[in-house]
Amino acid sequence: MQRILAICWLTWKAALRFRLFLVIAALLIVAVVGLPLVIKDDGTAQGFTQIILTYTLSSITALLGFSTIWLSCGTLARDIEECQIQVLATKPIARWQIWLGKWLGIALLNAALLAISGACVYGLLMWRASQLPPKVQQVLRDEILVARGSATPPTEASDIETMTDDSLKKNLQNHPVENPKDVVEMRRQIREQVKASLQVVPPEYWKSWNVDLSSVKGSLKDKPLRLRIKFNTPMVGATTTFKVGWTIGQTETPGWQSDLMDLSADTYHEFPIPANLLDSKGFLTINAYNPNNLPLLFPLEDGMEVLYPEGGFGMNFARALGIIFCWLALMSAMGLMAASFLTFPVAAFFSMALMVVVLSSGTLAESVSNGTVAGGNEETGVMGHASADIILLPIFKGLLVVTSLVKNFSPVDALSSGRTITWGQLGLAFGQIVLLVGGFFAVIGMILFHRRELATAQGNQ
Amino acid sequence: MPATDLISPAPAPSAGTQTGEVVVSVRGLTKVFKDFWNRPKARAVDRVDFEVRRGEVFGLLGPNGSGKSTTVKLLLGLLNPTKGHIEVFGHSPRHVQTKSRIGYLPEESYLYRYLNSRETLDFFGNIFQLSKSERNSRSEQLLEMVGLGRTQTRAVGEFSKGMQRRIGLAQALINDPDLVILDEPTAGLDPIGCREVKDLIVALARRGKTVILSSHLLSDVEDVCDRVVIYYGGKIQAMGTLKELLAKPDTLRITTPVLPRETLEKVLEIIRRDVTTGEVRVDNPSQNLESYFLDVVQKARAAQETSGAQSGAQVAAYLRGGVAEPPASEKLLEKLSLPQAAARPAPVAAPAPAIDESKLSALTQPVPAPVAPDPAKTAEIKPVDLAKADEKLSSLLGGKK
């Protein structure tokens, strides 16, 4: 351990002596303090706070991400290019210890920078909040500066698949189709219809959702809840509002009933609902009434959500920073892995390219869901190129599995919407991002570094 | 006669050289550098075999690009051999624990530029898992020894090349290594520094340490090495002790104090009975330039110390290589070197072409050497200083003998 810590100390020394630490810390503080002065918001305290959180944390992540890749590639590749490694590697230290010591040094450096910039963001938010009128402060504390648990209705995914298959079967019996590609397309359309039927609230109709809160029933006594909803309409780009009525409990004997609300489509809305409306099993029944002459469509994924208070903002904020730290730790492993076998500029370029792959996972997902990497020929109906698809689609699927392990966490979104980031989520992030994916890069990097001849460089100090 | 022949062999090396433990064993070592497509680019080392035993000072000699440094890097596990077998202390060069017995000075200062000299030694001490007190103690002594005691807080990147070599040497000795591998150790050093390094090598060998010295400077190798290999084109062209390689068994040299002309003529007369005139040469032995230079500097320094005009000289000395005031280290090295100097008569210059009578006349007149040290005085202090030197070096390098 003494050897690993010595390398870790060396990495810190380099960052301090080359003033990298000071420069990045200064940039982070400028970003945190300066951004709120230039960004535009919707004029509400909630909107402003959300934007501050989103922009500052995103810019911290981006800035630290780039500096981490730069530093991790540089710390190893430059040691090799400038030949210092030739002295170090002749001492009784295993190469994996050198690698790990450097990773630990960068990780601790990131932790320090993240703590400094995070403390600035937190302090700024608290100070701005304290300048607001008490009522607005309360709203902020209810909606954003809080850690709220979330419960949603069941997605009915298995129902959708069953209903889709049944419907497809009937259709094929009535109208046989020979081409398998046409069958696939037919199933896709039927599935969309089935899904829409579960989401839609036709004009003059009610729709009910049952949200299971039984696991937290005891802690919700006398605590008001909040309903977060979003709906779409067939009217694309509608600027008008739509009326929606809400009741909680059975429609015949509601525990609470709202007035008709004027709500815009395609936007999240959040409003309070009184405490103690759960039934004896801990379920909350939510009913929406559509008095408009257009159907309203509440998306299964994020159309309906019940939020309940669970903890304070401070610890939630710290856990969010914890997840960002996990990302940074992964980036440093990635950079070190690249530097284990490449020169500094090439390693930096390679790492950036890997980052682009992670960030463009949406495109990969689209290709996988379309079943082809290339667009189809509209005239002939031929989709993609078979040979490219055979090679690339499995690769894309593999990449998606890996990137989903990393990207399935959204600490900034959670914070800006006041949702709880649980210790479990943080632990999962650490396990998936640092141990699993980061560990993979670490093992590859250590093997490559162990096998590398370290005296091929002639030194260019 | 080469100076090395005249060094009193230390007990450990002389015994160890012939029969001691094999520290480094190289058999059929070949290194071929390849390009990106794995095509052979250069055969840097070609079927090399040698062994280095405990207590030996072993020289790798050869012109630039002959394969010396490549061999050193192969011995250290920094390069992988294409063919052949290397054992260091009976293990692979990549064996981590074996490295705790090795000290390495590379051909350039490959140290961290942003660390100062004390931090550098502390860092490497940490890698050897030395305790804090041990690190402090060794760093202090090593910095004094290499003459950097007063520049401990300056970043290594700001050092002159000579100072960088000195701190490089100090880091190579932080662990009191059993095997010291020095690649061009005197490159960039002034003559005093060169001498100090060479004296240190001899002192290390006297303590039973094994030294592998790679150099293209013939005087370095000649002054300190017990055995050498001469490389050319990646192959060993010659190998053996310096005596074996350099001795001329069919000639003889007799050195005496200045003789009266009559005596000299009598001696020559006797010799001429068996040897033809052209084969007999008589000349004054002279020092080599290095010895002469060191004597001059030593005397000048002594004069300055007594005159008390020190401040200006300190700056000049510092700029020359970090020896602002002749530090304790230098005294140590001087002490270490004195027994050698005492036991080692000044090297003799190349003989004059032939005898000529007028020259013979001149030679028979005693000519006092202008700055040569008093041999009697030097001889007098020999036993005391040898003991002190051993004791000091022993404490400096971990108390082992």
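Predicted model: local features only at pLDDT ≥ 70, side-chain atom pairs only at ≥ 80, totals over all residues.
## Nonpolar cores

Let's start inside. The largest nonpolar core has 150 residues, and the members that touch the most others are Ile181(B), Ile201(B), Val211(B) and Leu213(B). Chain A takes part as well: its helix α9, residues 313–339, gives the most to this core, with 18 residues.

Leaving aside residues up to four places away in sequence, Ile201(B) touches Val57(B), Val211(B), Leu213(B) and Val224(B). Another core, of 22 residues, lies apart from the largest one; Val244(A), Leu284(A), Phe298(A) and Leu307(A) are among its members.

## Helix α3 of chain A

Next comes α3(A), which covers residues 45–81.

On the way, α3(A) bends by about 30 degrees at Gly74(A). After the helix comes Cys83(A), and its phi is positive, near 75 degrees.

## Where the chains meet

Finally, the contact between the chains. Chain B brings 25 residues to it and chain A brings 23 residues. On the side of chain B that touches chain A, β5 (102–105) and α4 (117–127) each supply at least two residues. Of the elements there, α4(B) gives the most, with four residues.

What is the make-up of this side of chain B? Its residues divide into 16 nonpolar, five polar and four charged.

How values were computed: Residues numbered from 1 in each chain as written. Chains lettered and ligands numbered in written order. Core = buried A, V, L, I, M, F, W, Y, C linked by C-beta atoms within 7 Å. Buried ≥ 20, exposed ≤ 12 C-beta atoms within 10 Å, placed from the backbone. Contact = placed C-beta atoms within 7 Å. Expected span 1.5 Å × (residues − 1). Bend = angle between axes of the 7 residues up to and from the residue. Nonpolar A, V, L, I, M, F, W, Y, C, P; charged D, E, K, R; others polar.
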